[in-house]
Every structure is written in structure tokens, then in C-alpha cells.
Amino acid sequence: MSIKFKLTVLSFFQFFVWGAWLTTLGSYGFGFKGWTGQEFGVVFMTLGLGSLIMPALIGIIADRWMNGERLYALMHILYGITLFILPALDAPSSFFWILLLSMCFYMPTIALSNALSYRILIDNQLDVIKVFPPIRVWGTVGFIAAMWITNLVSDPQSPLDAGKVLGEKISAITGHAVNANQFYIAGVFAVLLGLYALTLPKCPPENKSKGSTSWAEKLGLNAFKLLGNYKMLIFFLFSMFLGAALQLTNMYGDTYLKDFENIPQYADSFVVRYSTMIISISQISETLFILAIPFFMKKFGIKKVMLISMFAWVLRFGLFSYGNPEGFFWMIVLSNIVYGMAFDFFNISGSLFVETSTDKEIRSSAQGLFMMMTNGFGSIMGSLLSGWMIDKFYLLPDGTKDWPGIWMVFAVYALVVAIFFALLFRHKHNPAELQSIRH
């Protein structure tokens, strides 16, 4: 088995074991468990909490004390084990603690998988810039595949008879409802991925942090000095605000489509039956917009690209607000297509901006700070505030949710963020800066 193929398998299942439940957790919590918006918001906050400390801590362990592939294997096996526990939990409070433990195991593996791939490619004298992107694309494919499988075997109204039969068989074996199959699918493949990781080439610690390095540098805390620079402070603050917008999509997208079954004329519609597959258009679009990033960054610069992302979020939410499974189904589809631009132009362009705007000595730490602001603080803010808002203002007397109103508030939120970013962020575009990017 070639090195490139081994790493492609790694990338595929790295995101498969996340995609199996991430976008359908809302349907599980709201539709199956009957949690309130605030209860679900706290549960979903675990993604942010798992991104605050653990990636840096695991990175230190991999750098100084333990082989990267062994640490990666251990984290995935523990992640899989915790997922097996989730179906037995009914109370959102207990579900929160176990899912938080799962996220503490999983979230560090995203960065660790990239680090392993870079290390192995370099050790095998392969061109990282040329070889890695096609490998990483398979991660998104894995996420999409997991979403489709979940739609087929974890939905009591599965659109495929074979999927419904398989889902019922899994349910009979586990003793839990079909809705919980998503956690078992992710758990099984997470454990298998952990075992598979042990077959990768050895990646012993390089101990690069030996010597007189301070504890602040070892922990990546020296990157926080960037917050003393006005431009970087504004950039990181708005990264947090956009990180919150991203979590709104992950939290509520599938639930929104599923809830059309509460409207009699849409109860058996294509949108309800294939909700997760429709949401997967977002990930398909993501793989395509990645290819447009270099052109837009060189042509327009980070400020305009980030603004394009922000207005794409306005469209994403606004189209959801007016969409429906019949006359305005095209709005739902277009919203998912626009997601690719909203996500990529923010995440990838933001990462490139950090790369070209920081000293090489702190670039890794700065990238960690970018992840902390988006997947950490941004995720927590989006989870808590949206859950409170839905319960307070958009829960209808019959127990359903005012989704048009909810999405419109999210659209207004993205628009306000875009306006303030345009006014406050000052950056002069220099295309020459992008010529020296190295990953």
C-alpha cells in the first residue's frame, strides 16, 4: 500500500467519524430526545470546549513524549469508546459530559492528522504542496459519505428500504433506537481508525522545544501577543463572530429540514426524507470553492475575500429563511451551494492571512489561536446564545420552531458583522505576500 493511499484512507475516516453524527445531532436532540434549545445549545458547546485546550496539549505530547501515530491511535480509540456510551444517556446534562469527553479526544486529532501527514510525506521525499491537497479533499468526501449513510440507517423513515432494514438490525443488536445508530457507526469506525493508525510509519517526537524555551512558548501562549496589534486583534475578534455563524449551520441545518414534516403538505416531501443528503450539498460545494481560493486571494486580498464570505453567510441564512420543499426548494439548494463559499473563504483565507501576517517563529501558535477563536470561543458563543434565543423568542405554542424567523435573525447577525468588519478592519492588499506561502 503506497504512502499516499495510506494517508488518503486516514483523511477519509478522520472526517467520516465526525460527519456521521455532527449535522444530525440537532435532529437527535430536538426531534428524538425532546431537548429545549438551551439544553441543546449547552450540549453542542462541547465542540468549542474541546477546541480550547486539548489541541495545544496533545501537540506538546506529540512533540516531546510520544510517537504521533500512537497518540493519534489512542485518541481515536478513546473517542470511539465514549461514543458508544452516548445512546444510553437521556438527560442532556449527562450527555454533555460524555460528549465533552469525546470532543476532548477527537478535536486534537484534526490538527494531529495534518501534522502526521506532513511529517510522513516529508520523510518520504514527497512534495507536500502538490501531494497533500488531493489527500485532504478525501476528508470532505468521508464527511459526505458518513452523512449519507447516517441518513439511510439512522432515520426511522429511511428513504431506502435496505437502509431501513440495516438500521433496524443495528438497533436490535445495540438495544437502542434507530436514531442512535449514528453514534455506533462513528464509534466503530473511530476504533478501527485508531488501530489502522498503528500501521502508519513511525513518527517519534522531534523534541524541538528542548533548551531554554519558556513555558509560554511551549504552550503556544506567545501568539497572544498578536492581540496587541490592532489589525490582528480585529481579525481574530471577527474570526470568533464568524465561527459562531458556522456553528449555527452545523447545529440547526438538518433539524430545520426535518421539521418540515410538521407541516402536513411537506410531511412526506423529498426534503424531509433526504434531509441529511441535501445538507451534504454544502460539503460538496466546499470541495469546489477550495479551488477558487488562490485566485480570489491574489485578486482581491483578505479583506474583500472575508467580506465575500460574510455576505455569503447572509445569503446562506436568508435563503433558508424563505425556502420550502416545493415552490422555493431552489432556495434550499442554493443556500447549500453558497455555504461552500461562506466556509472556505473564511477558514482557508483566514489561515492564509495568518500565515502571511505573522513571524515564522510563532506561525504554528498563531494558527492555533485562529482555531481557538473560531472553533473554540466562536463555537461556544454561537451554541449558547442561539439556544437561548430560540427558546426565548422563536418557540411556538405548539412546540414547533419559527424557522423563517430564526434564520432571518442569523442573516441579520451576519450582515451586522460584515458591516462592522468593513468599517473596522484596515488592510492593504499586497499580492506579492502570497507568493511566499509554504505549507
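The legends below describe several close-up views of a predicted protein model.

In this predicted model, local features need pLDDT of at least 70 and side-chain atom pairs count only at pLDDT 80 or more, while totals for chains, interfaces and linings use all residues. Residues are numbered from 1 along each chain as its sequence is written, and side-chain values use heavy atoms, with hydrogens and water left out.

Figure 1. Helices (H or I, at least four residues) and strands (E, at least two) are DSSP runs, numbered from the N terminus. Of the 439 residues, 55% are buried. Buried means under 20% relative accessible area, exposed means over 50%, and partly exposed lies in between (1.4 Å probe, protein chains only). The accessible surface comes to about 18,800 Å². Carbon and sulfur atoms hold 67% of that surface. Accessible areas come from the Shrake-Rupley method with a 1.4 Å probe; for residues, only the protein chains shown count as cover. Contact means heavy atoms within 4.5 Å. Among contacts with a separation of 6 or more, 80% join residues 24 or more positions apart.

**Figure 2. Helix H6 carries the buried residue Tyr-72.** Helix H6 covers residues 68-85. Its 18 residues should span 26 Å at 1.5 Å a residue, and the end C-alpha atoms are 27 Å apart, which agrees. The expected span of a helix is 1.5 Å times one less than its number of residues. Buried residues of H6 include Gly-68, Leu-71, Tyr-72, Met-75, His-76 and Tyr-79. An α-helix has 3.6 residues a turn, so residues three or four places apart point the same way. Tyr-72 counts as buried because its relative accessibility is 0%. Leaving out residues up to four places away in sequence, Tyr-72 touches Leu-10, Gln-14, Thr-109, Leu-112, Ser-113, Leu-116, Leu-193 and Ala-197. Ile-110 is 38 residues from Tyr-72 in sequence, with 9.6 Å between their C-alpha atoms.

**Figure 3. Thr-8 sits in helix H1 (residues 3-19).** Thr-8 has a relative accessible area of 18%, so this residue is buried. Beyond residues up to four places away in sequence, Thr-8 touches Ile-135 and Trp-138.

**Figure 4. Helix H16 bends at Gly-301.** The bend is about 115 degrees. A bend at a residue is the angle between axes fitted to the seven residues ending there and the seven starting there. Helix H16 (residues 293-322) spans only 29 Å between its end C-alpha atoms. A straight helix of 30 residues would span 44 Å. Trp-313 also belongs to H16. Its relative accessible area is 0%, so Trp-313 is buried. Apart from residues up to four places away in sequence, Trp-313 touches Leu-242, Ala-245, Leu-246, Thr-249, Tyr-339, Ala-342, Phe-343 and Ala-414. Trp-313 and Ala-342 are 29 residues apart along the chain, yet their C-alpha atoms are separated by 5.5 Å.

**Figure 5. Nine named residues form a nonpolar patch on the surface: Tyr-230, Phe-311, Val-412, Leu-415, Val-416, Ile-419, Phe-420, Leu-423 and Leu-424.** Together they have about 780 Å² of accessible area. Patches are made of residues with over 30% relative accessible area and no salt bridge; like charges are joined within 9 Å, and nonpolar side chains (Val, Leu, Ile, Met, Phe, Trp, Tyr) within 5 Å. Helix H19 (residues 403-424) gives the largest share, seven residues. Leu-415 is found in H19. With a relative accessible area of 33%, Leu-415 is partly exposed. Leu-315 is 100 residues from Leu-415 in sequence, but 9.4 Å away in space, C-alpha to C-alpha. Tyr-230 is found in helix H12 (residues 230-258). At 37% relative accessibility, Tyr-230 counts as partly exposed.

**Figure 6. Arg-273 and Asp-268 form a salt bridge.** A salt bridge is a side-chain nitrogen of Lys or Arg within 4 Å of a carboxyl oxygen of Asp or Glu. Here the closest N and O atoms are 3.7 Å apart. A search of the whole structure finds one salt bridge. Arg-273 is partly exposed, at 29% relative accessibility. Asp-268 is exposed, at 60%.

**Figure 7. Lys-392 lies in helix H18 (residues 363-393).** Lys-392 is exposed, with a relative accessible area of 55%. Lys-392 and Gln-38 are 354 residues apart in sequence. In space, their C-alpha atoms are 9.2 Å apart.
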